[in-house]
Structures are given as C-alpha cells and as structure tokens.
Amino acid sequence: MRDIITRLDLTLFETTLNPANPKADYEAKRKALYDLEADPVLLKEQDLVKAVQQRKLDLEKEAKSKGVK
C-alpha cells in the first residue's frame, strides 16, 4: 500500500510537464498513470480511481496545449 501512495503522490501531484523535454515527461507520466490504473489495490478505492482518471484528462489537456502528441 505504501508503494501505491508514493506512486500516487508522484504521479497525481506533479502536474506540470518538464519544459526542457515535455514529450518524454508526458510519456513517462502517461505510462505511470496507466500502470496505476491497472493496479488491483488501487481499483478497490473509487476515489483514487477517479483521481487517476482526472489526472489523465488534465495531462492530455496540458500536453495538447504544449503541442505534444
């Protein structure tokens, strides 16, 4: 459980893409979010699932606004 909390903290609360390399940062964050979404422990907590889904949407919007595909 502690590992999930650490991953959630790093993934959900680090919101800005790295301006030096936004594409690589976007891909790394996107992968981390998909990994979290597939975690069986996380799936039991609907609030966390919703937070991950919202973060994915926010990340997509930010990437689009910076021209990252």
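I take contact to mean heavy atoms within 4.5 Å. With that in hand, I looked up the contacts in the chain with a separation of 6 or more, and residues 24 or more positions apart account for 58% of them.

**Entry: the model.** I note that this is a predicted model, in which local features need pLDDT of at least 70, side-chain atom pairs count only at pLDDT 80 or more, and totals for chains, interfaces and linings use all residues. Residues are numbered from 1 along each chain as its sequence is written, and side-chain values use heavy atoms, with hydrogens and water left out.

**Entry: the elements.** I found 3 helices and 0 strands in the chain, and from the N terminus on the order is α-α-α. Helices (H or I, at least four residues) and strands (E, at least two) are DSSP runs, numbered from the N terminus.

**Entry: burial.** I looked up how many residues are buried, and 29% of the 69 residues of the chain count as such. Buried means under 20% relative accessible area, exposed over 50%, and partly exposed in between (1.4 Å probe, protein chains only).

**Entry: H2 and H3.** I checked helix H2 (residues 22-37) against helix H3 (residues 46-65): their axes come within 10 Å and cross at roughly 165°. The axes are lines fitted to C-alpha atoms, for helices over the stretch in contact, and angles run from 0 to 180 degrees between N-to-C directions. H2 and H3 are therefore roughly antiparallel to each other, a term for angles over 145 degrees.

I then listed the residues that meet: among them are Tyr-26, Leu-33 and Leu-36 in H2, and Val-52, Leu-59 and Ala-63 in H3. By class, this contact has 7 nonpolar, 1 polar and 6 charged residues.

**Entry: the core.** I looked up the largest nonpolar core, which has 9 residues: Leu-17, Tyr-26, Leu-33, Leu-36, Leu-42, Val-52, Leu-59, Ala-63 and Val-68. Such a core is a set of buried Ala, Val, Leu, Ile, Met, Phe, Trp, Tyr and Cys residues joined through side-chain atoms within 4.5 Å. H2 and H3 each supply at least two residues of this core. Leaving out residues up to four places away in sequence, Tyr-26 touches Leu-17, Leu-59, Glu-60, Ala-63, Val-68 and Lys-69.

Entry: I found Gly-67 in the segment after H3, where Gly-67 is exposed at a relative accessible area of 57%. The C-alpha atoms of Gly-67 and Lys-23 are 8.9 Å apart, although 44 residues separate the two along the chain. Glu-14 lies in the loop between helix H1 (2-12) and H2 and counts as partly exposed at 40% relative accessibility.

Notes:
Angles under 35 degrees count as roughly parallel, over 145 as roughly antiparallel, 65 to 115 as roughly perpendicular and the rest as oblique. Ala, Val, Leu, Ile, Met, Phe, Trp, Tyr, Cys and Pro count as nonpolar, Asp, Glu, Lys and Arg as charged, and the others, Gly among them, as polar.
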